[in-house]
Amino acid sequence: MSFAREASRAVRSTLVLWVLTAIIYPFVMIGIGQLVFPFQANGSIITNTQGQPVGSALIGQPFTSDRYFNSRPSTTSYSTADPKKDESKVLQTGVSGASNLAPSNPALIDRIKGKADPDPEKAIEGDIPRLQKADVKPTADLVYTSGSSLDPHITPEGARAQISRVAKARGLQPNQLEDLIKQNTDGRSLGIFGEPGVNALKLNLALDALKPT
Amino acid sequence: MLQGWIQIVLTLLILVAITPFFGRYMARVFQEQRTILDPILNPVERFLYSLVGVRAKEDMTGWQYARAILYCNVVMGVLIFSIIMFQQFLPLNPTGIPAPTWDTALHTTISFITNTNQQHYSGETYLSYASQMWGLGYHMFTSAATGLAVGIAFIRGLTGRPLGNFYVDLIRAITRVLLPISIVGAIVLIAAGVPETLAGPAIVPTLEDPAISQAIARGPVAHFEIIKNLGENGGGFFAINSAHPFENPNGLTNLITLVSILSIPTSLIYTYGIFANNIKQAWLVYSIPFVILVGFIIITAIGEYNGNPAVNALLGVDQAPNLEGKEVRFGWAQSALFAVITTASMCGAVNSLHDSFMPNGGFSTLSNLFLQIVFGGQGTGTAYLFAYLILAVFITGLMVGRTPEFLGRKIEKREVVLASFLILLVHPIAILIPGAIALAFPDQLAGISNPGFHGLSQVIYEYASAAANNGSGFEGLGDSQPSPIAIAGGATTSATALWWNLSTCFSLLAGRYVPIAALLLLADSMARKQPVPATTGTLRTDTGLFTGVTIGVILILGALEFFPVLALGPIAEAFQIARGIG
């Protein structure tokens with residue numbers, strides 16, 4: 001077979017398959033998504049009572065204060081930034097990321113345990129001392145950073161460990177918080193696959209609805 | 001703990017259960033027998049064949065088949081490279097991303113043509129929606145279909161048939177296997193929460209501090225996600241791949257992901273059984289990678305369940321799962337299962353970060369990349385498995401003094417040379433030589449981020465992932481240039497990233513095209529042999545004993561070459577952790 005004939009087939013098959021798999025297929029899927037499942041297809045955005053978007057049902061947010069159930073530590077602070085000083089342009093695109101620390105890396109232990117240093121810039125508070133200061137018994141999910149840095153969940157144990165602190169800060173009864181945690185727990189899919197997780201954003205939204213601060 | 005093991009066992013059972021159905025379907029597709037989609041697809045395919053200029057009955061030789069792949073892949077590569085480099089002038093760029101550096105674009109192109117999908121880029125910050133849909137998403141179909149076509153051509157040759165026509169196989173793999181499943185799968189994924197939109201990121205004020213905003217990246221993810229997994233591509237829409245809640249929001253999507261990743265390489269062995277008219281042998285061959293897969297899952301899952309002893313001591317418990325780089329919704333069980341399956345099958349998607357796995361996980365994932373046959377890549381994994389079988393026939397033939405025969409065809413010098421070249425030479429050359437060069441210049445080239453033994457694993461993993469066309473990585477490695485947005489803001493490019501982008505291209509290409517050519521030539525030479533009738537003197541290859549010997553051959557030939565690296569990497573790291581970090 002001549003070179004020209006082979007090259008022509010290569011070019012023609014490239015273009016034909018490109019139209020089929022890169023144009024027709026994705027645009028049909030976008031059409032179906034937007035028509036049939038507009039909520040999911042646009043990122044499961046949840047809104048407050050005024051109709052303003054407050055976040056996504058699937059994406060976590062940073063919570064570090066006593067008034068809220070804290071979320072997991074995140075290497076990107078859940079893709080957030082101050083719009084006034086966003087030098088790294090996080091808000092232009094949104095980001096995700098992970099620590100990629102090996103289990104044998106001393107930096108992992110320093111981050112979890114904390115490290116004193118005469119230079120306050122170099123000192124690390126540590127995830128466990130931070131939690132202990134807030135009177136929360138540390139659990140694995142609250143000291144390890146997540147895979148995506150956007151993990152929407154904390155474990156049910158991690159949520160329960162925070163009940164007394166949040167109850168004190170909000171002046172609520174612990175059993176009210178137990179109920180809220182149960183209502184905002186996503187169970188295993190089909191009751192079998194995956195692990196149960198408490199959606200921290202939904203839980204904290206419910207908390208605000210129950211008793212605004 | 002029991003709950004986790006139940007999930008693992010059920011997932012594997014589902015995979016085994018679909019194998020006969022899917023395997024039979026693929027056999028019908030590639031033997032051009034009647035299938036349920038005929039009324040729609042026959043006219044569509046006739047139209048596509050006429051556009052491409054092929055006739056369905058035109059068979060190619062092994063060499064012609066390989067050359068057609070090469071031409072076709074070069075043209076496709078030029079197309080995707082141009083799309084990425086010109087993305088700022090193309091539509092569908094809502095976040096205004098300029099072109100990435102040339103080396104990032106080159107590496108991404110080669111990595112996607114070769115069905116590898118290493119991510120030296122982050123989807124959110126490097127690529128526009130056009131680059132993802134029109135460039136990467138396109139290659140997810142064609143590179144997977146190319147692999148599947150090679151696998152089918154190899155099976156045809158092995159069973160004494162003509163190899164077929166590459167363009168016909170390429171088109172049928174897309175229209176009859178990849179595209180129909182992707183359409184159904186994408187709709188299910190959208191319903192489960194995976195976005196499919198052209199809108200840019202949503203910016204919302206955070207609940208705790210409204211002065212701080214959150215950018216929620218989204219895009220046309222669902223259609224991309226399903227072919228990413230089904231085609232064993234593995235390149236995520238987002239930086240963090242299937243760990244991202246928008247790529248993989250819950251346990252159900254994780255199950256769909258896992259099943260779609262392994263369904264083709266497992267079922268293709270059954271397809272072989274139908275072609276060879278020997279289902280018993282297909283199941284025996286199937287058991288080889290299955291046993292190895294289960295072993296690696298157990299090793300990895302135990303490591304992640306028990307967790308990091310140093311951290312457990314700080315938490316004041318004996319056992320807590322290692323959740324560094326893991327999502328709560330997947331936990332230790334689904335993360336460990338995913339890590340082993342994604343490296344076994346050469347998919348390379350990740351739902352947790354392999355760099356942060358305990359050494360057990362590093363050992364299993366690296367071993368998968370070294371062996372390449374624990375079901376292995378789309379089409380090519382099955383072909384490698386049979387190349388091992390040919391070597392096992394040769395070795396047992398030598399041991400018992402019989403003429404080596406496989407499926408009634410004599411194994412002679414040419415076949416043994418091709419099979420051993422394929423298995424024993426290409427892979428170590430593509431991994432260990434560039435690995436040694438990078439390690440010789442740890443500061444200038446390697447860009448290692450984790451100190452000690454783990455650093456060696458990072459370097460070797462990257463080349464093993466490239467050469468095996470897997471695409472996962474120990475992602476702490478300094479293999480990424482700054483994003484185009486950062487470069488536009490004045491960031492300087494990185495020398496280690498340049499080295500990684502270019503040197504892995506060598507491993508990617510060597511690990512893809514050399515074996516494909518060798519496999520096709522091997523198939524061709526098997527197909528041309530006169531069948532010899534089986535006698536009492538024939539060594540039977542469909543027995544448990546022969547299967548056991550083959551496992552031995554695989555472990556000895558495949559693993560021993562790389563054992564020194566495993567000993568210095570994950571095994572040494574395990575001893576280090578047992579002794580105490582610091």
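How many salt bridges does the rule find across the interface of chain B and chain A? There are four, in what is a predicted model. To see one of them, select Asp151(A) and Arg329(B): their side chains meet in a salt bridge, 3.9 Å from N to O. That sits just inside the 4 Å cut-off.

Still on this interface, there are also 49 residue pairs in polar contact, with both residues at pLDDT 80 or more. Next, highlight helix α7 of chain B, residues 166-192. With twelve residues, α7 gives the most to the side of chain B that touches chain A.

Now zoom out and show everything in contact: 107 residues from chain A and 116 from chain B. Between them the two chains bury about 9000 Å², and 65% of that is on carbon and sulfur atoms. Pick out Leu207(B), Glu208(B) and Val328(B), the residues of chain B that lose the most area to chain A; together they account for 9% of what that side buries.

Last stop: switch to cartoon and find the open sheet of three strands, ordered β3(A)-β2(B)-β1(B) with antiparallel pairing. Its edge strands are β3 (80-81) of chain A and β1 (202-205) of chain B, each pairing on one side only. Where do the chains join here? Select β2 (residues 213-216) of chain B, which is linked to β3(A) by two bridges. Thr80(A) has Gln214(B) as its bridge partner, and Ala81(A) stands opposite Ser213(B).

How values were computed:
Residues are numbered from 1 along each chain as its sequence is written. Chains are lettered from A and ligands numbered from 1 in the order in which they are written. This is a predicted model: local features need pLDDT of at least 70, side-chain atom pairs count only at pLDDT 80 or more; totals for chains, interfaces and linings use all residues. Side-chain values use heavy atoms; hydrogens and water are left out. Two strands pair if DSSP finds at least two bridges between them. Helices (H or I, at least four residues) and strands (E, at least two) are DSSP runs, numbered from the N terminus. Contact means heavy atoms within 4.5 Å. Buried area is the accessible area (1.4 Å probe) that two parts lose on being put together, summed over both. A polar contact is a pair of N or O atoms within 3.5 Å; within protein, one must be able to donate a hydrogen and the other to accept it, and residues adjacent in sequence count only if both atoms are side-chain atoms.
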